[in-house]
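Please look at the strands and helices of the chain below.

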Amino acid sequence: MNLRSKVFIVLACLILISIAITLPNLSIQRPSVSKSHLNTIKTRSTYLPTWESLDSHRTPQWFKDAKFGIFIHWGVYSVPAWAPVGQYAEWYWYHMKRVGSETWKYHITHYGEDFEYDDFIPMFKAEKYDPEEWVSLFKEAGAKYIVITTKHHDGFCLWSSNYTHRDAGEMGPKRDLIGPLVKAARKNGLKIGFYYSLLDWWHPDYPSEKYIQYAHNQVKELVKLYKPDLLWFDGEWDYPSDYWKTRSLVAWFYNNADNPEEVCVNDRLGKETRRRHGDFFTFEYETLDRIADFKWELCRGMAYSFGYNREEKPEDYLTAEEIVELLVDVVSKNGNLLLNVGPKADGTIPEIQVKRLLEVGKWLKVNGEAIYGSNPWLIYGKGDLRFLQKGNAVYVVSFNWPGEKLVLDVLRATNKTKITLLGLDEELRWIQKDGRLIIFMPEQKIGEYAWVFKIENAQPNLLVIRKVSLEKDRFKVGEPIILKVNIMNPSKIEIEKNVSVSIQV
């Protein structure tokens with residue numbers, strides 16, 4: 001390179017540096033574009049049938065904020081509506097074929113040896129089904145979304161399907177049961193989701209390529225007819241996702257939604273996919289002992305069975321207090337609660353289930369601001385306390401009435417701190433003493449359970465362990481073990497604490 005070329009390069013670099021330095025001070029005129037116009041030119045995401053592409057889909061904000069949904073298990077199994085307590089009544093067909101089982105004995109005694117499962121279909125009439133009444137109840141309960149079983153493992157469909165005659169349109173009720181519920185949910189501002197079982201005890205081609213095409217056709221039919229906000233798959237456990245071809249089905253669902261970013265799918269997409277793929281992970285009668293770094297949902301019945309079980313007595317059901325405490329606990333750990341309702345064959349919801357829902361709704365009317373749209377705090381809880389946060393407020397939920405005062409060692413007040421008890425229209429007195437926030441309770445006890453304290457403009461008074469690691473993976477006998485603990489002070493206030501570490505080998 002000659003000298004002239006070198007001088008030219010140096011001058012060019014100086015000019016570029018000069019432009020870079022002065023750019024922040026330049027006033028660049030841009031054409032005015034309205035927000036509505038920006039919305040119309042937004043690039044639509046296209047999802048591919050690969051885990052990399054599907055996993056890039058984000059859980060919609062509505063699902064994160066909703067916290068509480070209603071699961072509905074309803075179908076032909078709602079006619080016998082029986083199982084030993086501690087067993088799922090919706091599995092009636094499966095257990096009635098197991099010679100010697102309690103369900104088999106019950107079936108022989110009440111219906112006889114020659115009575116087949118499909119003989120229940122004409123008895124599934126849904127004659128008192130009122131979707132408006134259902135949705136009104138769910139809304140009163142404080143639920144924000146609904147998930148209904150469009151087809152359970154018995155293969156009977158609750159809508160009029162073009163791919164089978166074994167559906168509610170042609171048999172049993174002889175009308176579509178899904179469409180009216182969708183309409184009622186949307187009218188009342190609730191999101192609607194569809195449970196669909198990949199497992200099918202009835203279909204003659206199960207499992208085969210022909211059956212998988214049948215299942216895909218039905219899911220696509222449901223999406224085209226009703227445009228659900230959520231797909232909730234189940235019965236996937238015998239085969240991997242490659243066999244079910246669920247990646248292509250989920251990609252199709254995202255790409256054909258009016259707004260792909262506003263729909264979601266659970267994680268039951270193949271026997272290897274639970275808690276690995278999907279917009280949220282499903283837990284069944286199982287909770288966590290920590291704050292999850294993923295969005296999850298706990299589904300369970302008010303008693304044990306999902307489908308209505310006439311054998312379950314009031315003492316088998318959770319109390320309203322237990323449901324509320326479960327909801328609070330799940331939300332404090334970044335989850336949603338999908339609480340099940342099992343209607344009877346005639347379409348009525350059992351009285352005890354209605355009572356529980358109304359009791360939960362009564363609590364949420366007073367305390368819902370701590371639940372909807374909240375996020376987990378730095379720790380999920382301590383003893384009988386649970387912590388949630390939203391904006392500049394920390395919500396402390398106490399499962400027991402504190403008595404004269406509530407003492408918190410995890411929060412420190414500031415000169416802007418304000419403390420209220422939800423349901424009481426006055427501020428509570430408090431003092432900061434010896435590193436503890438002491439809140440004085442009102443003289444008159446209010447509410448029945450799960451009391452919520454809204455603490456605004458306070459600071460964390462705790463150290464958070466961010467990471468614990470060993471210096472090496474392997475150690476020789478007698479060699480000292482070096483444990484590295486990364487601790488963070490999340491507060492703006494200087495905190496002095498003695499930290500002890502216990503090691504379990």
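The paragraphs below go from the strands to the helices.

This is a predicted model, in which local features need pLDDT of at least 70, side-chain atom pairs count only at pLDDT 80 or more, and totals for chains, interfaces and linings use all residues. Residues are numbered from 1 along each chain as its sequence is written, and side-chain values use heavy atoms, with hydrogens and water left out.

Helices (H or I, at least four residues) and strands (E, at least two) are DSSP runs numbered from the N terminus. Begin at strand 2, residues 145-151, where seven of seven residues are buried (under 20% relative accessible area, 1.4 Å probe, protein chains only). Strands pair if DSSP finds at least two bridges between them. Strand 1 (residues 68-72) runs parallel to strand 2 and is joined to it by four bridges; here Ile70 stands opposite Ile146. Strand 2 also pairs with strand 3 (residues 191-197), again in the parallel sense, over six bridges. Val147 has Gly193 in strand 3 as its bridge partner. Between strand 2 and strand 3 the chain passes through helix 8 (residues 179-187), giving a right-handed β-α-β crossover (clockwise from the first strand over the helix to the second, with the strands pointing away from the viewer).

Turn now to helix 12 (residues 320-332) and helix 13 (residues 351-367), whose axes are 9 Å apart and meet at an angle of about 55°. Axes are lines fitted to C-alpha atoms over the stretch in contact, with angles from 0 to 180 degrees between N-to-C directions. In contact (heavy atoms within 4.5 Å) are residues including Ile323 and Leu327 of helix 12 and Val360 and Trp363 of helix 13.

Key. Buried means under 20% relative accessible area, exposed over 50%, partly exposed in between (1.4 Å probe, protein chains only).
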